[in-house]
Amino acid sequence: MTITTKHSTRRQLQTANATAEQARARNNVLRERFPPRAAEAWWPVTAQSADMVLHRLTAPPFLPAANATRAGRRRGVAKLLRWLSGLPGDTWQQRWKASRAEEIPGADWTDLPLRFLRQSGPSPSYERVDLTSGLLMLVCGDVIRPDLAWMLTRTHKHLAHVMAEVRDPEGFARLAKLAETGPTSARGDATIAATRIAMLLACKGGTIASITVGDCVELVDALRRVHVRGGQRKVDFYLRLRVLGVFPEDAPATIRAFGLAAGRLSIEELVDRYPIRCRPVRDLIVDYLRERQPSLDYTSLDALSRTLAGLFWTRIETLSPGIDSLRLPPALARAWKTDIATKKRTTIGPDGTAVEAASPRLNAKDELIRVRAFYLDIAHWAAEEPARWAPWVVPCPISDEEISKARDRKHRKARMDQRTRERLPLLPVLADAVDRRRRAAAELLAAAEHTPPGDLIPDTAGALRRAVTSKAAGHLTWAEETSTGRRRNLTHEETEAFWAFAAIEVLRLTGIRNEELLELTHHSITEYRLPSTGEVVPLLQVAPSKTDSERLLLVSPELADVLSSIIRRLQGSSRAIPLVTSYDVHERVWNPPMPLLFQRDIGTEHRAFTPTALRKLLINALAATGLTDAAGEPLVFSPHDFRRIFVTDAIMNGLPPHIAQVLCGHRSLDTTMGYKAIYPAETIEAHRAFIARRRASRPSESIGRRPRRNGTPFSRTSRSARSPSAPAVAPFQALVFMNTLVFVARFSGRTRLSAAGWRRSATTSSLASLRPSAKAGSVRLRGFVSVWPAP
């Protein structure tokens, strides 16, 4: 079966990320290392006479076996040479460019030579076919080299086959052998890749061995300018050339390194993303970022440039056009702070009109902190380099009170705790649902693969029928719903169900971060022999991430089952996990090839999962479960929700917080405790157990009566008016009271106790001498009396 690709031209997109010029600007380093071959103006074959060209193209190896094909090609070459001979130019390439045929996309270019030929008499019906065959001979014979973009607008049924016969038989034989070693379902992809490679030979000349990385990049740029269907098949040719060893060792593992994954921008490019009109301020921001660059990673540098150049100065110029000083009038500063407190987003309503919606900016104080640091750093640096920084030293328009985040942290903690409390009970339901979905998808796919095309799939109650597909889609199994006729890609459904199950299980059983999950490799699974017993335990090594420190996690039996399922799936029949390159979206760099555990097949390429792909997996898995939140809306799990749930569940089940800190890779215990959600019932029960243990550990003769509202040892009653047992009870109750406050403060998120509520005796420094102040009033026992156990 012959596979062809149909292309059509389109207008070049005007969006910032779609043009080849901006793609080249973002990847200028790689493009300078791997330039394309320059277009040649002259080569021997194109300068031959018409008789020599005709004789060469009608002799072996240009002679096909079929007589009709041989005659049609000869007629076509003769007619094209006669038409081009009347055009200006010293070579056939110059005459071809002068014909302006490449300005006509598709097959309509034949109208130009037909118009010339019909001047000498009527033309036969097959003349257009002859011209197409003649052009094929001129291209494969290297007489003319058309433009890549124009070639992509035409179909090429026989280009690769003829190139293999007349231009590079050995190179195309190696390409065919490589295709035979691959799966049968990828034969269609191999045919398209061969056509792309033949197109490079047609437009650049030479053989397969002479193709460069830059030639491939130039072809992909042309593919972006010309609408070409095919998905992964558009770039599969690069992978095959790399396997054949055509490229040097330092060539990128994937051509996507030259595409929209832009790599790191320079500081000037980071700032120039925003239309700053005041050049001195723009240069100041560039200098400031360059000064801060050694101490920042790329993600922080990118965020700082967005704040200073985008949210700060660009908006200042919008509010006050023509401003050229960092000294902001109070009214302008207030207007800017009000402006960045909300973020606006334009959406299209049901009636097609644009609707602008505003929502609070949750990180507004973080933006204020960066701008305040900008002012204060300049003032500090001015003491060391006054000539450079002193002219810009002005009072900072942001005060300390405006960047206080104590209340915001409490509100955020409350929101996160509520989110965790809402999702923790549903986690077993989610885990069971994704497991059942995975098993059902695998069973359905297996049943469909054993069903002949056109027959009903067993165990579906006649609802699904195996779809009849072309050989090009042989690696996919499709089904049709008998009631609606809707087609379903069962292979994709099984793949999505498996990886959603794997991601959720690993996240909930380890509590690792999103980026740490995507960086797990086959080498991350290691083992450790316990010194005491000699027992070997499996461990999962988590690569350095946010805190730049690696850690080891014990692999539970449940986690071991999931990891083994992933490894078996990736190894397949080759018994080896493919090496794939991944793009770090935060640091904007391509990582070296690694045996990543979370990878998938897209066409014939193995690609690492991206954060966006992971979020889509979770969204689709949750949609399939039908779980809803308290408001009845579809429940949403982010990858970080599993991390908070892991910490909360571990500490609630007895894991010491400092061990949870090590497992999570936190630098501070406060960070770990911030992840743990607080349950009211948990606080009360723990408080009751604490007091019971304290009462059980003291001497029985020191136990007094339960405090009363009036007459309590903590009332303002003088020492002489107390009961005889008061001296023995009061010191212990003060100790219990203080420890209780510390305990409640730990569970409620408070880390400090007011020193004003306590006073120390002048005669002793023991803890028993601490007494609550009658004037402080900031700590009250009244709300906790009801939870004390009976004496």
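# Close-up views of a predicted model

**View 1. D459 is found in the loop between α21 and β5 (464–466).** Helices (H or I, at least four residues) and strands (E, at least two) are DSSP runs, numbered from the N terminus. D459 is not a glycine, yet its phi is positive, near 65 degrees. With a relative accessible area of 82%, D459 is exposed. Exposed means over 50% relative accessible area, buried under 20%, and partly exposed in between (1.4 Å probe, protein chains only). The model is predicted: local features need pLDDT of at least 70, side-chain atom pairs count only at pLDDT 80 or more, and totals for chains, interfaces and linings use all residues. Residues are numbered from 1 along each chain as its sequence is written, and side-chain values use heavy atoms, with hydrogens and water left out.

View 2. Take the contacts in the chain with a separation of 6 or more: residues 24 or more positions apart account for 62% of them. Contact means heavy atoms within 4.5 Å.

**View 3. D142 sits in the loop between α7 (127–140) and α8 (148–151).** D142 has a positive phi of about 65 degrees, although it is not a glycine. Its relative accessibility is 12%, so D142 counts as buried.

**View 4. W92 belongs to helix α5 (residues 92–98).** W92 counts as buried because its relative accessibility is 3%. Leaving out residues up to four places away in sequence, W92 touches V45, T46, Q48, S49, A50, V53, L81, L84, S85, V143 and I144. From W92 to I144 is 52 residues in sequence, but 6.3 Å in space, C-alpha to C-alpha. A polar atom of the W92 side chain lies 2.8 Å from the backbone oxygen of Q48.

**View 5. P60 and P61 are joined by a cis peptide bond.** Omega is about 5 degrees. P61 lies in the loop between α3 (50–57) and α4 (67–85).

**View 6. Helix α12 (residues 213–225) packs with helix α13 (residues 236–243).** The angle is about 170 degrees, and the axes are 10 Å apart. Axes are lines fitted to C-alpha atoms, for helices over the stretch in contact, and angles run from 0 to 180 degrees between N-to-C directions. The two helices α12 and α13 are therefore roughly antiparallel to each other. Angles over 145 degrees count as roughly antiparallel, under 35 as roughly parallel, 65 to 115 as roughly perpendicular and the rest as oblique. On the α12 side, V213, C216, L219 and V220 make the contact; α13 brings F237, Y238 and L241. By class, the contact of α12 with α13 has seven nonpolar, no polar and no charged residues. Ala, Val, Leu, Ile, Met, Phe, Trp, Tyr, Cys and Pro count as nonpolar; Asp, Glu, Lys and Arg as charged; the others, Gly among them, as polar.

**View 7. Helix α21 (residues 427–449) crosses helix α25 (residues 611–625) at an angle of about 95 degrees.** Their axes are 10 Å apart. The two helices α21 and α25 are therefore roughly perpendicular to each other. L430, A433, V434 and R437 of α21 meet N620, A621, L622, A624 and T625 of α25. This contact of α21 with α25 divides into six nonpolar, two polar and one charged. E496, in helix α22 (residues 490–510), is in contact with R437, L617 and N620, leaving aside its neighbours within four places in sequence. At 18% relative accessibility, E496 counts as buried.

**View 8. Strand β3 (residues 342–348) pairs with β4 in the antiparallel sense.** Seven bridges link the two strands. Two strands pair if DSSP finds at least two bridges between them. R345 stands opposite A357 in β4. The hairpin has five residues between the strands, and G352 takes a positive phi near 90 degrees. Strand β4 (residues 354–360) is hardly covered: of its seven residues, the count of buried ones is zero.

**View 9. Three strands form an open sheet in the order β8-β9-β10.** The pairing is antiparallel. β8 (525–529) and β10 (551–554) are the edge strands, each pairing on one side only. Neighbouring strands of this sheet are turned by 45 degrees against each other on average, direction ignored. Strand β9 (residues 536–542) pairs with β10 over four bridges. V542 stands opposite R551 in β10.

How values were computed:
Polar contact = N/O pair within 3.5 Å; in protein donor to acceptor, adjacent residues only side chain to side chain.
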